[in-house]
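Please look through the sequence and the model shown here before reading on. The briefing is meant for a reader who is new to protein structure.

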Amino acid sequence: MNKQQNYHEAAAHGFSATQPHDTVRTASERTRKLVTIAMLCAVAYVAMVLIHLKLMPAAPYLTYDPKDVIITIGGFLFGPLYALLISVIVAFLEMITVSDSGVIGFFMQVIATLAFAGTASLIYRGRHTKSGAVFGLVLGTVLMVVVMLLWNYILTPLYLGTPRTEVVKLLAPVILPFNLIKGLLNSVILLMIYKPIVGALRRSGLVNERK
């Protein structure tokens, strides 16, 4: 009895059966996903290393880089868990190569990115439309602003030794507008480049037409 006969007999008796070509297709899809995720991690890391924009003259130590745009694209393609995965990988690479903020900086990057990219990806997964993407990006920006205000208020005095009263003075004039501008830039850039990037990935066969 050959494999095709086994498949039909199993199906006739109500059992789950997987044909060989289905197994090959599943393995191929997993491989393409891994390649795409690795590529997004690499692009996000390079963007973080090469692009630094000073958005706040009063706080030149706060710089913008577009890695969250790339991470959010990954989340839009594969879901919020993959946004978390890419965020952790990129933040870890940043910590061991170019960052001087150590483990605290690692967690700060992951939390900020997840607040933005994870939220936007979760909303977009449930509302797979342009309006769903816009709503997710807006909500992600708001959540990122709130999270980073709380992070700076609670944790900055602890690991930098800065008096909390001094940190509070920076929240409204510096931390809030910086993260708001960061979220808006991320959103605008993503909406501009998402379709061209996904189109290129489709033509290369790395993602399917449903993405």
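Predicted model: local features only at pLDDT ≥ 70, side-chain atom pairs only at ≥ 80, totals over all residues.

Residues are numbered from 1 along each chain as its sequence is written, and side-chain values use heavy atoms, with hydrogens and water left out.

**Salt bridges**

- A search of the whole structure finds 4 salt bridges, a salt bridge being a side-chain nitrogen of Lys or Arg within 4 Å of a carboxyl oxygen of Asp or Glu.
- Lysine 67 pairs with aspartate 65 in a salt bridge with an N to O distance of 3.2 Å, and both residues are buried, a word that stands for under 20% relative accessible area, whereas exposed stands for over 50% and partly exposed for values in between (1.4 Å probe, protein chains only).
- Lysine 67 also forms a salt bridge with glutamate 94, where the closest N and O atoms are 3.9 Å apart.
- Because lysine 67 lies in helix α3 (residues 67-78) and glutamate 94 in helix α4 (residues 80-97), this pair ties together parts that are 27 residues apart in sequence; helices (H or I, at least four residues) and strands (E, at least two) are DSSP runs, numbered from the N terminus.
- Aspartate 68 forms a salt bridge with lysine 182, the closest N and O atoms being 3.9 Å apart.
- That pair links distant parts of the chain, with aspartate 68 in helix α3 and lysine 182 in helix α8 (residues 164-204), 114 residues apart.
- Salt bridges that share partners join Asp65, Lys67 and Glu94 into one network.

**Serine 121**

- Serine 121 is found in helix α5 (residues 102-126), and its relative accessibility is 1%, so serine 121 counts as buried.
- Apart from neighbours within four places in sequence, serine 121 is in contact with Thr72, Gly75, Phe76, Gly79, Pro80 and Ala83, where contact means heavy atoms within 4.5 Å.

**Helices α3 and α8**

- The axes of α3 and α8 come within 9 Å and cross at roughly 55°; axes are lines fitted to C-alpha atoms, for helices over the stretch in contact, and angles run from 0 to 180 degrees between N-to-C directions.
- The two helices α3 and α8 are therefore oblique to each other, since angles under 35 degrees count as roughly parallel, over 145 as roughly antiparallel, 65 to 115 as roughly perpendicular and the rest as oblique.
- Residues making the contact include Asp68, Thr72 and Phe76 of α3 and Lys182, Asn186 and Ile189 of α8.
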